[in-house]
Amino acid sequence: MKDFHPEPDELAADLAGELSPEEEKRVQDHLVACRECSELLLDLAALGDPDYGADEPFTPADADAVWEGVRKRIGHEETVLPFRAPVRTSPPRWLAALAATLLVAVLGLSLWVASLRRAVEDLSRPQINAPVIDLQPGARRGEATATAEVPAAARLFTLVLLPERRGTYEDYEAEIAGADGATVWRERGLEPNAFGSFSLTLPRRTLGPGNYRVRLSGIGPGGRRELLGEYGLRL
Amino acid sequence: MGERSETALALLDELQAGGAGGHSAEESFRRLCGLYSRPLFHFFAKRGFPREDCLDLTQETFLGIYKGVGSFRREAGFETWLWKIATNAFRKRLRHGTADKRYGQEVSLDTGEAPEGEARELPAGTPAPGEDLLREERARLLRAAIERLPEQMRRCLQLRVYRDMKYREIAVLMRLSPETVKVHLFQARKRLQQELGNYFRELLPEDEG
């Protein structure tokens with residue numbers, strides 16, 4: 001019984017009856033043998049008594065001395081700002097900002113992944129009656145352009161590009177530009193079919209509503225590009 | 001909860017809020033210190049510290065309160081928290097050896113021997129060595145008989161006989177009512193009297209509460 005003193009937490013828990021039977025037995029046996037701990041515990045029980053310490057020779061000057069000492073020590077305490085709120089410790093601002101950023105990023109990523117999944121699902125399903133739109137060249141000359149009437153339910157539509165002139169090239173390229181001239185899509189590797197035309201199947205979600213220009217080019221030796229046809233398209 | 005404890009909690013709230021009711025957090029803390037300066041000073045004084053040390057330890061305890069005010073758990077009770085900080089300050093100071101030796105000494109109830117390193121002194125009018133041996137033998141019998149008592153009864157008797165504690169103090173430590181302590185002590189004496197017979201009166205005088 002001589003080799004340990006329970007921690008104050010354990011002693012207080014014993015007084016409050018919050019220990020397990022084994023812990024309680026150990027602490028109470030210790031209290032029987034240990035004057036220090038038993039008297040400490042009696043003091044805890046007596047601390048709420050207004051008469052506790054009433055007979056102690058303790059003057060108002062002593063109380064002032066205690067306060068002055070405390071005030072001085074707080075002033076020298078480097079870990080706590082004097083009489084600021086060392087209370088309700090909140091996380092540092094940078095941590096809160098990081099958490100908010102991460103939250104936004106995760107939410108954004110989730111939305112993006114969800115939209116990707118929808119797109120993949122859309123493209124994975126077969127589509128019946130997918131519209132096929134023949135585009136005639138002439139937009140470059142200011143002639144009437146083909147208008148693509150894509151049904152609302154269509155997820156895919158196919159453009160058939162009829163070249164204005166024919167020739168043999170190493171490669172063929174299709175490019176779609178918006179009304180402002182900016183390229184929204186471009187791809188090489190097109191091959192002419194048996195009729196000398198080119199086909200291009202697009203998911204509807206690739207292009208939003210609006211007017212577009214479609215250009216078909218042939219790529220010759222040295223990467224030289226020749227325009228084979230330019231088409232107008234409205235979605 | 002006592003009135004002082006309630007006031008302390010209200011002042012802690014003010015301190016945490018950075019002041020309230022037209023006065024600053026410093027003023028709230030000053031009032032909190034004022035409430036408990038005397039009890040804390042008494043807590044240290046009764047443990048044998050010199051006056052200056054008592055003032056110093058009281059300040060140290062309040063500093064601990066100030067530093068820990070952000071992590072204070074209200075449900076644990078302010079006075080229990082205060083007591084824990086004071087107890088830690090007391091033990092820390094004790095380790096540095098500035099308290100009087102009159103406090104903090106453990107006495108073994110098992111052997112009745114003097115603390116290590118101290119010679120046992122025979123008081124004036126000490127009986128002859130033969131009588132002393134007899135007395136020690138009787139004391140050994142008494143200790144053995146006490147050890148055989150039921151646990152709670154034994155603890156009550158040991159605190160009463162060896163530590164000369166009052167009923168209400170035993171009741172606090174053992175978390176019993178004073179009446180239950182009385183019953184335990186009465187029954188313990190009865191059992192020991194039956195077991196030890198004539199030795200009993202000499203070794204365990206009548207209890208006067």
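Five bridges join strand 3 of chain A to strand 4 (residues 183-188) of chain A, and the two strands run antiparallel; here helices (H or I, at least four residues) and strands (E, at least two) are DSSP runs numbered from the N terminus, and two strands pair if DSSP finds at least two bridges between them. The structure is a predicted model, in which local features need pLDDT of at least 70 and side-chain atom pairs count only at pLDDT 80 or more, while totals for chains, interfaces and linings use all residues. Residues are numbered from 1 along each chain as its sequence is written, and chains are lettered from A and ligands numbered from 1 in the order in which they are written.

**The strands of chain A**

Chain A as a whole has five helices and seven strands, and along the sequence they follow the pattern α-α-α-α-α-β-β-β-β-β-β-β. Of its 235 residues, 20% count as buried, where a residue is buried if 20 or more other C-beta atoms lie within 10 Å of its own, exposed if 12 or fewer, and partly exposed in between, with C-beta atoms placed from the backbone. Two residues are in contact if their C-beta atoms, placed from the backbone, lie within 7 Å, and residues 24 or more positions apart account for 65% of the contacts in chain A with a separation of 6 or more.

**Two residues in their surroundings**

Val27(A) lies in helix 2 (residues 21-33) of chain A, and Val27(A) is buried because 20 other C-beta atoms lie within 10 Å. Leaving aside its neighbours within four places in sequence, Val27(A) is in contact with Pro6(A), Glu10(A), Leu11(A), Asp14(A) and Leu19(A). In chain B, Arg191(B) has its place in helix 8 (residues 178-196), and Arg191(B) is partly exposed, with 17 other C-beta atoms within 10 Å. The table gives one C-alpha to C-alpha distance for each of these residues.

| Pair | Separation in sequence | C-alpha to C-alpha distance |
|---|---|---|
| Val27(A) and Glu10(A) | 17 residues | 8.1 Å |
| Arg191(B) and Leu149(B) | 42 residues | 8.2 Å |

**Where the chains meet**

The contact between the chains takes 48 residues from chain B and 42 residues from chain A. The largest share of the side of chain B that touches chain A, 12 residues, comes from helix 2 of chain B. The residues of this side divide into 18 nonpolar, 18 polar and 12 charged, where Ala, Val, Leu, Ile, Met, Phe, Trp, Tyr, Cys and Pro count as nonpolar, Asp, Glu, Lys and Arg as charged, and the others, Gly among them, as polar.

**Helices and cores**

The 18 residues of helix 4 of chain B should span 26 Å at 1.5 Å a residue, and its end C-alpha atoms are 26 Å apart, which agrees; the expected span is 1.5 Å times one less than the number of residues. The buried residues of this helix include Phe78(B), Trp81(B), Leu82(B), Ala86(B) and Phe90(B). What covers the buried residues of helix 4 of chain B includes helix 1 (8-15) and helix 3 (35-46) of chain A, together with helix 1, helix 2 and helix 3 of chain B. Just after helix 4 of chain B, Gly97(B) takes a positive phi of about 75°.

A nonpolar core is a set of buried Ala, Val, Leu, Ile, Met, Phe, Trp, Tyr and Cys residues joined through C-beta atoms within 7 Å. The largest such core has 63 residues, and those with the most contacts inside it are Leu41(A), Phe44(B), Leu82(B), Ala86(B) and Ile170(B). Its largest share, 10 residues, comes from helix 2 of chain B. Apart from this core lies another, of 11 residues, among them Leu135(A), Ile176(A), Phe198(A) and Val214(A).
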